[in-house]
Amino acid sequence: MTLSVRNVAVAAALGAALCTALAGCGGGGNSASGSGSGSGHEAARMGTPGTSTAPSAAASPGAPQAAGSSPAAAPPPAKAPTLAPGPNGLTPVFERAKQQTDKTVALTFDADMTSDQGPRAADGEHFDNPQLIASLRTLKVPSTIFMTGRWAEEYPDQAKAIGTDPNFEIANHSYSHHAFTSPCYGLPSLDAAAARADVDRAFAAFRTAGAVNTVPYFRFPGGCYDDQALRAISTAKVTAVQWDVVSGDAFAKDPDAVAEQVLTGVKPGSVVVMHCTRSAAPVTEEAVRKIVPELRKRGYRFVKVSELIGK
């Protein structure tokens, strides 16, 4: 990774347009200007790099069920591995497993909801995707769900069901889904103190919902970060998790195209970014049902991010 800013104007403009259309998006690459997750992470999912830091660091030690049902209480998971702090104590960044000969791949899903989208949910907009979660269970695909605290508050029963199912682990995608650096595709930005508090508030929302299988991983809204953002959350002791495969599922209407983009991009040790938000990513579940059997046919094994980081 490099500390220089690499602006890609066309992709940034696309990301801004998508965010404006959905009023609160996020998620891209390692970018100070952002990209697409959940409700609008698509620009960076298309590979828009920007100001970024991915410090090199070694890893420290560290049954399917019906949709919507809560499994029997799972025991607390073993301590999830994290990366050692980067230079000057910056939050470390993980994008792909260093062990790149083992044919493992992590499917990750951003459950996005911004702090001001409650009225839209009340009007019937679906920021959840229970059918996707049901399919992941049926297909027996271990997955990491990057959840905002606001999503957990809106869907506490689903957050608990996901967060007590050993098939899943819940990682932090902020509480508010506001930007941790600016510009970031039109997202409101947080200062350093607010950013640190936002991370804590999300973890608190998971606990309130009854989620047990939470891990100390964090994904920046919009995928936007810089050294200042990494410094702001360094005391949270989390590993920032990005990705190396852009699914293209945000706002997509063709599940075959999404599946093909993932299948073309996956390499051993890959992290794939997708979404768990029906209104913004309506074809994700169908795409997953195409992706999973094909990757298994190619010899891949699905794992959670914690297993990739632990390699």
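Residues are numbered from 1 along each chain as its sequence is written, and side-chain values use heavy atoms, with hydrogens and water left out. In this predicted model, local features need pLDDT of at least 70 and side-chain atom pairs count only at pLDDT 80 or more, while totals for chains, interfaces and linings use all residues.

Helices (H or I, at least four residues) and strands (E, at least two) are DSSP runs, numbered from the N terminus. Helix α10 spans residues 284–297 and has 14 residues. From its first C-alpha to its last, α10 reaches 20 Å. This is close to the 20 Å expected at 1.5 Å a residue, where the expected span is 1.5 Å times one less than the number of residues. The buried residues of α10 are Thr284, Glu285, Ala287, Val288, Ile291, Val292 and Leu295; buried means under 20% relative accessible area, with a 1.4 Å probe and protein chains only. Seen down the helix axis, the buried residues of α10 fall within an arc of 140°, so they line one face. The arc is that of the directions from the helix axis to the C-beta atoms. An α-helix has 3.6 residues a turn, so residues three or four places apart point the same way. The cover over the buried residues of α10 includes β2 (104–111), α4 (130–138), α9 (255–265), β8 (270–275) and β9 (301–302), with contact meaning heavy atoms within 4.5 Å. Just after α10, Gly299 takes a positive phi of about 95°.

Helix α9 buries Pro255, Val258, Ala259, Val262 and Leu263. These residues cover an arc of only 125° around the axis, which puts them on the same side of α9. Their cover includes β7 (245–246), β8 and α10. Asp254 caps the N-terminal end of α9. A side-chain oxygen of Asp254 lies 3.0 Å from the backbone nitrogen of Asp256.

The model holds one disulfide, defined as a pair of cysteine sulfur atoms within 2.5 Å. Cys184 and Cys224 form it, with their sulfur atoms 2.1 Å apart. The pair links distant parts of the chain, 40 residues apart. Cys184 sits in the loop between β4 (168–172) and α7 (192–209). Cys224 sits in the loop between β5 (214–218) and α8 (227–232). The torsion about the S-S bond is about 80°, so the disulfide is right-handed. Cys184 is buried, at a relative accessible area of 2%, and Cys224 is buried at 0%. Cys276 also counts as buried, at 1% relative accessibility.

Note on methods
Buried means under 20% relative accessible area, exposed over 50%, partly exposed in between (1.4 Å probe, protein chains only). A polar contact is a pair of N or O atoms within 3.5 Å; within protein, one must be able to donate a hydrogen and the other to accept it, and residues adjacent in sequence count only if both atoms are side-chain atoms.
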